[in-house]
Amino acid sequence: MNSIARNILLALPCAAALLAMGEVMAASSDCYAIKDGDKRAHCLAVVKRDYGYCHRIKEGDKRNQCMAEVKGTRSNCYAIKGQDARKACLAMK
């Protein structure tokens with residue numbers, strides 16, 4: 001189930017790119033409905049394309065994943081301790 005949630009969150013940047021500005025604003029308001037703080041911060045970072053929200057994520061590997069995803073760089077992937085998560089991060093575009 002955790003991988004399903006991760007896949008959904010990875011799909012958000014694609015969805016955000018396809019949406020008009022008004023719809024992106026609506027999507028960011030949807031993020032505020034997420035109760036888990038780390039997931040909410042990740043959602044906001046992806047939707048708003050602002051890696052500053054990644055700094056709010058408490059769990060280090062998830063924070064680095066968020067930074068790599070939002071910045072579009074792989075450098076943060078190397079700081080991920082979990083081998084599978086690191087490989088998945090490095091496989092991102």
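Because the model is predicted, local features are reported only at pLDDT of at least 70 and side-chain atom pairs only at pLDDT 80 or more, while totals for chains, interfaces and linings use all residues. Residues are numbered from 1 along each chain as its sequence is written, and side-chain values use heavy atoms, with hydrogens and water left out.

## Overall fold

The protein has 5 helices and 0 strands, where helices (H or I, at least four residues) and strands (E, at least two) are DSSP runs numbered from the N terminus. Along the sequence the pattern reads α-α-α-α-α. Of the 93 residues, 32% count as buried; here buried means under 20% relative accessible area, exposed means over 50%, and partly exposed lies in between, with a 1.4 Å probe and protein chains only. Among contacts (heavy atoms within 4.5 Å) with a separation of 6 or more, 23% are between residues 24 or more positions apart.

## The nonpolar core

A nonpolar core is a set of buried Ala, Val, Leu, Ile, Met, Phe, Trp, Tyr and Cys residues joined through side-chain atoms within 4.5 Å. The largest such core holds 14 residues, of which Cys-31, Ala-45, Val-47, Cys-54, Cys-66 and Val-70 touch the most other members. The helices α2 (21–31), α3 (37–48) and α4 (60–71) each supply at least two residues of this core, and α3 gives the most, with 6 residues. When its neighbours within four places in sequence are left aside, Cys-54 is in contact with Ala-45, Arg-63, Cys-66, Met-67 and Val-70.

## Helix α3

The 12 residues of α3 should span 16 Å at 1.5 Å a residue, and the end C-alpha atoms are 16 Å apart, which agrees; the expected span is 1.5 Å times one less than the number of residues. Within α3, the residues Asp-38, Ala-41, His-42, Cys-43, Leu-44, Ala-45, Val-46 and Val-47 are buried. At the start of this helix, a side-chain oxygen of Asp-36 reaches to within 3.1 Å of the backbone nitrogen of Asp-38. After α3 comes Arg-49, whose phi is positive, near 55°.

## Disulfides

With a disulfide taken as a pair of cysteine sulfur atoms within 2.5 Å, the count comes to 3. With bonded cysteines counted along the chain, the disulfides follow the pattern 1-2, 3-4, 5-6. The table lists each pair with its sulfur separation and its torsion about the S-S bond.

| Pair | S to S distance | S-S torsion |
|---|---|---|
| Cys-31 and Cys-43 | 1.9 Å | about -65° |
| Cys-54 and Cys-66 | 2.0 Å | about -65° |
| Cys-77 and Cys-89 | 1.9 Å | about -65° |

The torsion of Cys-31 and Cys-43 is about -65°, so this disulfide is left-handed. The pair links distant parts of the chain, with Cys-31 in helix α2 and Cys-43 in helix α3, 12 residues apart. Cys-31 counts as buried at 0% relative accessibility, and Cys-43 counts as buried at 7%.

The disulfide of Cys-54 and Cys-66 is left-handed because its torsion is about -65°. This pair links Cys-54, in the loop between α3 and α4, to Cys-66 in helix α4, 12 residues apart. Both Cys-54 and Cys-66 are buried.

For Cys-77 and Cys-89, the torsion of about -65° again makes the disulfide left-handed. Cys-77 lies in the loop between α4 and α5 and Cys-89 in helix α5, so the pair ties together parts that are 12 residues apart in sequence. Cys-77 is buried, with a relative accessible area of 0%, and Cys-89 counts as buried at 1% relative accessibility.

## Ala-79 in the loop between α4 and α5

Ala-79 is placed in the loop between α4 and α5 (83–91), and at 42% relative accessibility Ala-79 counts as partly exposed. Not counting residues up to four places away in sequence, Ala-79 touches Asp-61 and Asn-64. The C-alpha atoms of Ala-79 and Gln-65, which are 14 residues apart along the chain, are separated by 9.0 Å.

How values were computed. Polar contact = N/O pair within 3.5 Å; in protein donor to acceptor, adjacent residues only side chain to side chain.
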